[in-house]
Amino acid sequence: MVRAVRDVSLSVGRGERFGVVGESGSGKSTLLRLICGLDRPTSGEVLVEGRSIGDQPARRLVWLRQRLQLVFQDPMSSLDPRMRVHDIIAEPLVSQGIGGDHAARVGELLGRVGLDPEAARRYPHQFSGGQRQRISVARALAPDPDILVMDEPVSALDVSVRAQVLNLVDEIVDGLDLTLVFVSHDLSVVRHVCDRVAVMSSGEVVETGETERLFAEPGHDYTRSLVAAIPDLRAALAGRSAEDLARGVGPAS
Amino acid sequence: MSGAGDRTVLAVEGLDVGTGHTPLLRDVTFSIARGERVGLIGESGSGKSLTALAVMGLLGEGLHARGDVRLSGRTPATRNLLEVGEREMARLRGDAVTMVFQEPMTALNPTMRVGAQVTEVMRIHGTRDTAGARARAVELLDQVGLPDPAHLARSYPHELSGGQRQRVVLAIALANDPALLICDEPTTALDVTVQATVLDLVVRGVQERDAAMLFITHDLAVVATVCERVLVMYGGRIVEAGPVGEVFADPRHRYTQGLIGASDLAGERGRRQRAALPTIQGTVPPAGRFPDGCVFRSRCAHATDECATLPGWTPRREGDGPGQGSAPGEVGRAAGYACFHPAGGAA
Ligand SMILES: Nc1ncnc2c1ncn2[C@@H]1O[C@H](COP(=O)(O)OP(=O)(O)O)[C@@H](O)[C@H]1O
Ligand code: SF4
Ligand SMILES: [Mg+2]
């Protein structure tokens, strides 16, 4: 049997900003799919607000969709190119049978993510990458969830746009009292966003801890090499070379 | 050409690239000396890759280049590479000038064993005979840190990991001891631990050969780690250039300042106190939609009416007039910026 993730135990508190970091193949995406009820664990349990999501068929998970929403890395492939922005953002309201004035709600959400209400009439391809990510965030916020799960939401963005989107994440998580699960391969981004972080490697969580503690005193060898490998502007200007980065990683990776 | 010292390997002057109606690169001027590692940074759509492709003579159909691009170092300086024919360019590519792209599979032949691909580049350029090239290929694969290179040489690209493939590409790029290595986002698709190793190998590879390097990336921390000098590009123009330590510690152009602010996730004292990150407003416009005058003025918080005219090049240090740089590699616009209302400069 192939185990994509193994013996993972985690808990995320209400209102927490929780990061999951790891390199490709570490099991981050599998863990994320389990958390969101998109896949079932072979054994073990996922509880959201005390309710198990593992033992219910997908159609019974409407309550989960209302409480937990997802934002993906690539807004181009997660936004239907043939749908207008209004319909994209209103889609969770429609599929969950949430009534009310959808047009007003969409307008409000667009404002919340920093887009013009006029955007509702346009199509995804008429927006830049950063704006499309704002549209994805607006859609995720539509059913008024408690938990936002983001999968590499800024990995495809340039630094200036990344900063804009990270600021938006800050604003909405604080402003709406959300619980955030933020999955990324980029430890610097996770450090900026999250209070606590789990480090994954080969399907296991090798270390969990408060973000700053984990940076200052990584407890696991893998975390140590991950932290040591991150290029850093200030450290580089102070003389840290590529050789130093590689030495921190150790032989053969 | 301006006073290129003996050590100049690449001299680019007044390079313009465009389609029939849309200018994509404007007046790109820089040079790189032997043994010098120069970074080229900017957001996507700034023109970094086009700069590399123009130097390599790989601009696609429909793109026109004007200006002067010369390569020296190993042989006497070439003629203007924008004017030599494809046959002469093909002789230089893979030999005197080589390139590593972001995606290693674009450079590898999927149906050929990797050892044979390293061997081939030496045979094509006649730098070694067959037996010599085979032995050298294994040495090169060893130098880029591949385990059991004699065995690995018999693998096909698909049998290797992304990081291993990029090492093979690097071995091919270094095989003929190029005078100039161009890397375009070579580690962007790699995991951070693999990136660290590959960056180390790239730097070692060029240092051992005293080769010049142009290193393209959107990651400022990577440039600061790998390069000595940096060129900042926006809207198809080089808007600032200078030693990495000076440009990053004391940026003068408002675009450079904005880029550094937006990338600085760690903040002044390690962790940021959850203050909003500084951002640059808006996004990079599509080609042909950059404003006249200063290309950055549609996003710049410091723009004035004056910025509607093209800002000239101001040397970072007085006396370093255009074309008067004295240190190695300091030809023309080695250290300066093009901005009417520059930041910093206090120190
Ligand atoms: N063959 C081409 N024809 C027309 N426009 C092009 C072509 N190649 C690149 N461009 C445009 O030139 C600009 C600069 O591109 P590029 O050099 O790839 O930027 P970077 O590498 O900095 O991301 C972009 O707007 C791009 O769309
Ligand atoms: S020239 Fe003007 S618009 Fe351009 S960067 Fe300087 S201040 Fe901003
Ligand atoms: Mg590019």
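## Polar contacts across the B/A interface

Between chain B and chain A there are 10 residue pairs in polar contact, both partners at pLDDT 80 or more. A polar contact here is a pair of N or O atoms within 3.5 Å; within protein, one must be able to donate a hydrogen and the other to accept it, and residues adjacent in sequence count only if both atoms are side-chain atoms. On the chain B side, the elements giving two or more residues are helix 7 (192-209), helix 8 (220-226), helix 9 (244-249) and helix 10 (254-263). Helix 7 of chain B gives the most, at 10 residues. (Helices are DSSP runs of H or I with at least four residues, strands are E runs of at least two, and both are numbered from the N terminus.)

This is a predicted model, where local features need pLDDT of at least 70 and side-chain atom pairs need 80 or more, while totals for chains, interfaces and linings use all residues. Residues count from 1 along each chain as its sequence is written, chains are lettered from A and ligands numbered from 1 in the order written, and side-chain values use heavy atoms, with hydrogens and water left out.

## Size and charge

Counting contact as heavy atoms within 4.5 Å, 45 residues of chain B touch 40 residues of chain A. About 3,500 Å² gets buried between the two chains, with carbon and sulfur atoms giving 58% of it; that's the accessible area (1.4 Å probe) lost on putting the parts together, summed over both.

## Around ligand 1

The shell around ligand 1 (heavy atoms within 4 Å) includes T19(B), E43(B), K48(B), L63(B) and A287(B). Helix 1 (residues 48-56) of chain B supplies the largest share, 3 residues.

Oxygen atoms of ligand 1 have some polar neighbors: a backbone N or O atom of G45(B) at 2.7 Å, a polar backbone atom of G47(B) at 3.0 Å and a polar side-chain atom of S49(B) at 2.8 Å. Taken alone, ligand 1 exposes 560 Å², and the protein buries 63% of that (Shrake-Rupley, 1.4 Å probe).

## A link within chain A

Over all chains, the whole structure has 33 salt bridges. One of them joins D170(A) to R17(A), with the closest N and O atoms 2.9 Å apart. D170(A) sits in helix 7 (residues 159-175) of chain A and R17(A) in strand 1 (residues 17-21) of chain A, so the pair ties together parts 153 residues apart in sequence.

Notes. A salt bridge is a side-chain nitrogen of Lys or Arg within 4 Å of a carboxyl oxygen of Asp or Glu.
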